[in-house]
Amino acid sequence: MMSGRSSAGRDAEGEWEVRPGGMLVQRRDGEAAGPAIRIRVSYGATFREVVVPAQATFGELKRILVQTTGVEPERQRLFFRGKEKSDSEFLHAAGVKDGAKLLLLEKPAPATVEQKAEPVIMDESMMKACQAVAHVRAEVDKLSAKVCDLEKSVLGGRKVEDKEFVVLTELLMMQLLKLDGIEAEGEARAQRKAEVRRVQSLVETLDKLKARNANPFSDHNKAVSVTTQWETFENGMGSLSAPLPRVSSTQVDTDWEQFD
C-alpha cells in the first residue's frame, strides 16, 4: 500500500522538494521541473515574493510560505480572486500566472471537535479594500525610500532645502487621506491600520530631520532650555540689565517752612 504524502510532498508523477532559497521543484526521474513563476503574497502589512513551479499546488505553496511567514500550512488560508483555495488545487488550473497576487490569512486557534470549519469566501468589497491598501502601500514604499535618502543627507552633514521636507510631508499626508477614505473590515482594516501607523512614523521622521537640518550643530538628544530672564545682582555687575534704582531714605518735602 502506498504511503501518504511525505514532508517534502508527493503527487502521482513524482516528488516535490524545497531547495535552498525557497525554490520548490519536482523531482521527476532526473528531469527538471516545469517553468517557474514569481508570485506576490500579501500577508499582514507586507508582501512576500516567492518562486514556485507553475504546476505546483496551493498546498506546496503553503509549505514554502512557512519559511517566510512562520505560519504552519494547516493554519494558512490562501485566497485568489476572492476565493479560498484548497491544498490539492493546482496553481495553473486556478489561473495563477507569473506576477499574480494572492492573499494569505492566518487561521485562529484550532477549533474543538464539535465545531465544524466552514469555507469562507472573501466578499468583493473586502478584496477591493485590500487592493486599495496595497496600492497606497506601493506609493508609500517609494516615499519611504526618499525619506531614507534625505536622512542620509542630513546625517551626513549636507544642507537640504526646506521645500524637500515640505513636498515629502504633503505627499505622505495625501496617502494618509487615501487610507482614511478606504472602507475596510477584517483583514483589510488591519492592513489599513498598519499602513496609517507607517505613514505617521515617516512624517515624524521628516519633522525631526527638518529640525536638525535647520540647526545641524544642535544635539536634539540633550536639548538645553534658554531663558532671557537674566539674574540681576545687587550691584548690577555680571548682569546685562541695569540695577533697579535704590529708594532714598531721605524724604524731600516741597512744603517749605514760612519764617516770620
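Which residues form a nonpolar patch on the surface? The patch consists of Val167, Leu171 and Met174, which together have about 240 Å² of accessible area. Patches are built from residues with over 30% relative accessible area and no salt bridge; like charges are joined within 9 Å, and nonpolar side chains (Val, Leu, Ile, Met, Phe, Trp, Tyr) within 5 Å. Accessible areas come from the Shrake-Rupley method with a 1.4 Å probe, and for residues only the protein chains shown count as cover. Leu171 belongs to helix α4 and is partly exposed, with a relative accessibility of 31%. In this classification, buried means under 20% relative accessible area, exposed means over 50%, and partly exposed lies in between (1.4 Å probe, protein chains only).

The model is predicted: local features need pLDDT of at least 70, side-chain atom pairs count only at pLDDT 80 or more, and totals for chains, interfaces and linings use all residues. Residues are numbered from 1 along each chain as its sequence is written, and side-chain values use heavy atoms, with hydrogens and water left out. The predictor's confidence in each residue is expressed as pLDDT, on a scale from 0 to 100. The protein chain averages a pLDDT of 75, and 65% of the residues score at least 70. Over residues 221–240 the pLDDT is below 50, and this stretch has twelve contacts in the model beyond near neighbours in sequence. Residues 1–15 also have pLDDT under 50, and the model gives them 26 contacts beyond four places in sequence. A contact means heavy atoms within 4.5 Å. Where pLDDT is low, the predicted coordinates should not be read in detail.

The protein chain contains five helices and seven strands. Their order from the N terminus is β-β-β-β-α-β-β-α-β-α-α-α. Helices (H or I, at least four residues) and strands (E, at least two) are DSSP runs, numbered from the N terminus. Of the 260 residues of the protein chain, 32% count as buried. The protein chain exposes about 18300 Å², of which carbon and sulfur atoms supply 53%. Among contacts in the protein chain with a separation of 6 or more, 61% are between residues 24 or more positions apart.

The largest nonpolar core has 26 residues, and those with the most contacts inside it are Leu150, Phe165, Leu168, Leu172, Ile182, Val199 and Leu206. Two or more residues of this core come from each of β7 (101–106), α3 (124–155), α4 (162–180) and α5 (187–214). Helix α3 gives the largest share, nine residues. A nonpolar core is a set of buried Ala, Val, Leu, Ile, Met, Phe, Trp, Tyr and Cys residues joined through side-chain atoms within 4.5 Å. Not counting residues up to four places away in sequence, Val199 touches Val140, Leu172, Leu176 and Leu179. Apart from this core lies another, of 21 residues, which includes Val41, Val52, Ile64 and Leu102.

Side chains of opposite charge can pair when their charged atoms come close. A salt bridge is a side-chain nitrogen of Lys or Arg within 4 Å of a carboxyl oxygen of Asp or Glu. By this rule the count comes to twelve salt bridges. One of them joins Arg63 and Glu60, with an N to O distance of 2.5 Å. Both residues lie in helix α1 (residues 58–69), three residues apart, about one turn of the helix. Glu60 is buried, with a relative accessible area of 0%, whereas Arg63 is partly exposed at 25%. Another salt bridge links the side chains of Arg77 and Glu84 (3.3 Å, N to O). Arg77 is buried, with a relative accessible area of 16%, and Glu84 is partly exposed at 27%. In the salt bridge between Glu161 and Lys163, the closest N and O atoms are 3.6 Å apart. Lys163 is exposed, with a relative accessible area of 55%, while Glu161 is partly exposed at 48%.

A network of salt bridges links Arg137, Asp141, Glu195 and Arg198. Arg198 is also in contact with Ser144, as is Leu202, leaving aside the neighbours of Ser144 within four places in sequence. Ser144 is located in helix α3 and counts as buried, at 16% relative accessibility.

Asn215 lies in the segment after α5 and is partly exposed, at 37% relative accessibility. Asn215 and Lys159 are 56 residues apart in sequence, and their C-alpha atoms are 10.0 Å apart in space.
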